[in-house]
Amino acid sequence: MSRLGGRRGLQLSVIAASLLVAPIAQGEPQLTLTHEPPPRHLRMRPRAAAVPPPTTRRPVPMPAAPPPLSELDASDRGDELAGLRDVLAPVSFSITIGYQVDGARPSGKPSLDGPVQEGRDYNAIRSYGFGELFFSTRGVALDSLSSYIALRFDAAQPSTDPSGAVRIAPPIATWFEHSTFEVRTGWAEVKDFLPRRLGLRKLRLRAGNQYIYGPWVLHLDGALVAYDGDIVTATAYAGGRHADYVTTADLADERYAVAGASLRVDLRQLVSLPIALTGETLSLTSYVADQPNSAHRQLEINWQPRRDFTVLAQARTLDDKLTSERLQFRARYREVTNLVFDVMRRFGTDWRWDPSLIASDDPMAPRRYLDLGPVLPQLVVSARGGTLIAENVDLLARTAIAIDLTRHGVPRNSFSAAYVELGGALEVRLRRTVTVGTSVLSRQTQREDVNDPLGAPITDMYASPQSLPQSAATGEKGFTELGARMRMSLGARQFSAMVEVYGRQTRYAETYVDPINPIATSDVRGGGRVTLDAWIGKRLRLFASYDLSSAIESTPEITSYKSLRLTMTGFY
C-alpha cells in the first residue's frame, strides 16, 4: 500500500507541474502555418491559383460648373467669350473708319475697240475714305425705351478731267461718285409700357427708319407695332418705302406708301400639334408713273414633328394671283450632319425685282441697271448637305436643277434658261490654329440656237446692219470655278490671317462669227486675296485686305485690278 500510494503521488505531482507550465506556453501563440488545413470533404480537386482582388478605380469628383459670364475676368485671354460685348449694357456703340485704294495699271495695249489713254478715258487709281457708326441704348431715360441708329459716310472726290467738266470712269466702279452721308437705319422702341392689368406686357412699338421682314424685305420710314407671345405673334406696320442705292435724283424721288401685317400661330402650345401657321399681307400705293398699286399675300406652314426634322411650305400671291410656291425639307442626323431639300416654282405673274417694280414696260429699267427681261415661269430644285468627320473635316455638297416652264410659242428669256449645277467644299483643320479648304462649283446652261435657217451663228458683215440674236441665245453656256484658301487663327478676337486664290473658266454662246477678227467664246479669270485681322485688347480691331486679279482677255489695255482696304473699328 505504501509503494502504490507513493507512485500515485508522483503522478499527481507531474500533472500539477504540467498545468502550471501550460499557461506560460499559451502566452506565445504560433501565427505561422506549418501545414495546410484538412479538407472539408473527400472529393479531389486541382488547386486554384491565387488571384489578387480587382482594383477599384478612385472616384473622380464631378467638376464644378463654370461661373456665369458676368463673373469671368475680361482680361483672361484664355476665355474667348469674356471679351464679347454685353448686349444688355445700357449704352453700346462701334465706330469704323476705313481707307480704300483701287487701281488698274495700264498695259500699253489698245482695247478691243481702239486705243485707250489713262487719265482721259479712265483713272488708273482712285482712293476714298469711309466710315460707319452703330449706336444703341437700352433702358436709358426710361426702362422701357430702346434705340438704335446706323450711319455711313463716304469721302470721295469725283473722277473728272483737270477742267472738272468731263467725268472720267474710275478703275473699279462703285455705286457712289462723290461724298455721301446717310442714315442707314434709326429707330426708337418702347415695350412693356402699358399697365400690367391689361395683360399686354409683350406689346412693343417701334418708330423710325427700319427694315420690315414680310413677303419681301422692305426699308421703311414709319412705325411698327408687334405682340410677341408664346402662342400668337402679330405685327402691323405702315409708312413710306425708303429708296436705297439710288444713282440719280429722279430715282430718289420715287415714293410708295406701305401698309402691312403678319400673324403667326404656334399650335404646339395651343393644341399640341407640331405646326406653326404664318400669314402676311403687304400693300403698296404707288406715286410713280407707270407703276400701279399692288397687294401681296403670303401663307406659310411649318411642320416640325421632331427636333431634327422640319417641313416648310410657302405660297405667295400678287393681286390675288399665285406668283411663287416653295417647299423645303430640313433634316439633321446625329448633330453633325444637315440636309436641305428645296423646291421653288416661280410663275410669270411674279414681280420683276421687288414689290415696287411689277410693270412689264418700266421706262426707267435701263437706269436701274436691273433690266432682267420679262418674268417667265421657272422651276428650281436644289439639295445641299454638310457633315463633320473626325472633329476636324468639314464637307459640303450642293446640286441644283432649273427647268424653264415657258409655254411653247412664247419667246424665252436669257435669265430664265434651264441649267444644272454641282458644287462642293472641303475644309480640314490640320492643327489647332491652321485650316485649309477648297471649293468647286460648275453650272451648265442650256441655250437656244440663233434664229438662222441652219441654226448657225450670225456672220458679221462690215458696215452692214444685221439683226440681233434672240435673248435666249445669248449669255454664258457654262462656267467652272475653283477656290482654295488657308487660314491661321490664334483664337477668337486675337489674330487671324487668310490667303485665298480662285479661278473661273467661262464658256459663252457663239452668236457672231467674224472671219477677220475671231471672237473668243471662252475666257479664264483668276485672282487672290490676303486678309489680316488683329485685335488690340478687347475694344480695338484692325483689319487689312489686298485683292489682286489676273489679266482679263476682254480688257487687254489693263494688266490687272488691285484693291487695298484698311479699317479700324472700336467697340464699347
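**Exercise 1. Find which residue of S24 is the bridge partner of aspartate 547, then describe how S23 and S24 pair.**

Step 1. Aspartate 547 has serine 563 in S24 as its bridge partner.
Step 2. Strands here are DSSP runs (E, at least two residues), numbered from the N terminus. S24 covers residues 558–571.
Step 3. S23 and S24 pair in the antiparallel sense, over nine bridges. Pairing requires at least two bridges found by DSSP between two strands.

This is a predicted model, where local features need pLDDT of at least 70, side-chain atom pairs count only at pLDDT 80 or more, and totals for chains, interfaces and linings use all residues. Residues are numbered from 1 along each chain as its sequence is written, and side-chain values use heavy atoms, leaving out hydrogens and water.

**Exercise 2. Describe how S22 meets S23.**

Step 1. S22 spans residues 522–536 and S23 spans residues 540–549. Their pairing is antiparallel, with 10 bridges.
Step 2. Alanine 534 stands opposite leucine 542 in S23.
Step 3. Three residues separate the two strands of this hairpin. In the turn, glycine 537 has a positive phi of about 70°.

**Exercise 3. Decide whether threonine 310 is buried or exposed.**

Step 1. Locate threonine 310: strand S11, residues 309–318.
Step 2. Recall the cut-offs: buried is under 20% relative accessible area, exposed over 50%, partly exposed in between (1.4 Å probe, protein chains only).
Step 3. Threonine 310 has 7%, so threonine 310 is buried.

**Exercise 4. State the mean pLDDT of the protein chain.**

Step 1. pLDDT is the predictor's confidence in each residue, from 0 to 100.
Step 2. The mean is 83, and 80% of residues reach 70 or more.

How values were computed:
Helices (H or I, at least four residues) and strands (E, at least two) are DSSP runs, numbered from the N terminus.
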